[in-house]
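Good morning, colleagues. Please look at the structure as I speak.

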Amino acid sequence: RAAELLRPVATSPEGSPEAKIVYADILNHYSHRLPLETAVETCKEAREVLAALGARELEDLRATAVYADTADSEARHALSLGRVDDAARLEQEVYELAEKVLAQRPGDLRSMRNRALAADLLGTLAGRRHDFAASQEFAVKSEQAGENYVRFNPSDVGAWVYWVSGKGALADALLEQGRVEQAIVNDL
């Protein structure tokens, strides 16, 4: 209902940037309740609204963070549909945008989450391709992203989940390479 109410303002050239960002963010969250094909299209619509605000060029860092979060959602929907290449392309963009936002605004919590989520999924995708060296590299990035998020906001349980997930992904990548002892040490 919120998206329906905001749509006329958000899709109007005269609509405020704030309304457009909120509208796109609502679409992002709503996409997780939709059938996968519809979810992908909903995320695309949200990303288009944000791109028109200069999200990809970092003209509005909040729009960029919401864009990256939405691209992450779209990547996960695409992966569930078996569109691995689309998922990888989108998730790489998420990671790159998160890094760019954090370079300008190190305390951006949403971008910290985006970076952790993107590194984790990129590692998972590398593992699916049996590229365990790349999987390990992204797992290290995922663990570091989670740890940095915890250091910045230790009261956020989600931050701890990202850190632990990254540690587990690293242990899995090491195990897949036959590096059992390192995997055990790293998973502790």
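Let us begin with aspartate 25, which is found in helix H2; helices (H or I, at least four residues) are DSSP runs numbered from the N terminus. Before going further, I note that this is a predicted model, in which local features need pLDDT of at least 70 and side-chain atom pairs count only at pLDDT 80 or more, while totals for chains, interfaces and linings use all residues. Residues are numbered from 1 along each chain as its sequence is written, and side-chain values use heavy atoms, with hydrogens and water left out.

Is aspartate 25 buried or exposed? Aspartate 25 has a relative accessible area of 14%, and is therefore buried (buried means under 20%, exposed over 50%, partly exposed in between, with a 1.4 Å probe and protein chains only). Not counting residues up to four places away in sequence, aspartate 25 touches Val66 and Arg110, where contact means heavy atoms within 4.5 Å.

I turn now to the packing of H2. Helix H2 (residues 17–31) and helix H3 (residues 36–52) pack at an angle of about 165 degrees, with their axes 9 Å apart. That makes H2 roughly antiparallel to H3 (angles over 145 degrees count as such). Axes here are lines fitted to C-alpha atoms, for helices over the stretch in contact, and angles run from 0 to 180 degrees between N-to-C directions. Among the residues in this contact are Tyr23 and Leu27 in H2, and Ala46 and Val49 in H3. By class, the contact of H2 with H3 has nine nonpolar, two polar and two charged residues.

On helix H1 (residues 2–10), the axes of H1 and H2 come within 9 Å and cross at roughly 145 degrees. The contact includes Leu6 and Val9 of H1, with Tyr23 and Leu27 of H2.

Finally, the aromatic residues. The structure holds two aromatic pairs (ring centres within 6.5 Å; planes under 30 degrees apart count as stacked, over 60 as edge-to-face and the rest as tilted). Tyrosine 149 and tyrosine 162 form a stacked pair, 6.1 Å centre to centre and with 20 degrees between the planes. This pair links distant parts of the chain, with tyrosine 149 in helix H7 (residues 132–152) and tyrosine 162 in helix H8 (residues 157–176). Tyrosine 149 is buried, at a relative accessible area of 0%, and tyrosine 162 is buried at 19%.

Key. Helices (H or I, at least four residues) and strands (E, at least two) are DSSP runs, numbered from the N terminus. Angles under 35 degrees count as roughly parallel, over 145 as roughly antiparallel, 65 to 115 as roughly perpendicular and the rest as oblique. Ala, Val, Leu, Ile, Met, Phe, Trp, Tyr, Cys and Pro count as nonpolar, Asp, Glu, Lys and Arg as charged, and the others, Gly among them, as polar. Rings of Phe, Tyr and Trp (its six-membered ring) pair if their centres lie within 6.5 Å; planes under 30 degrees apart count as stacked, over 60 as edge-to-face and the rest as tilted.
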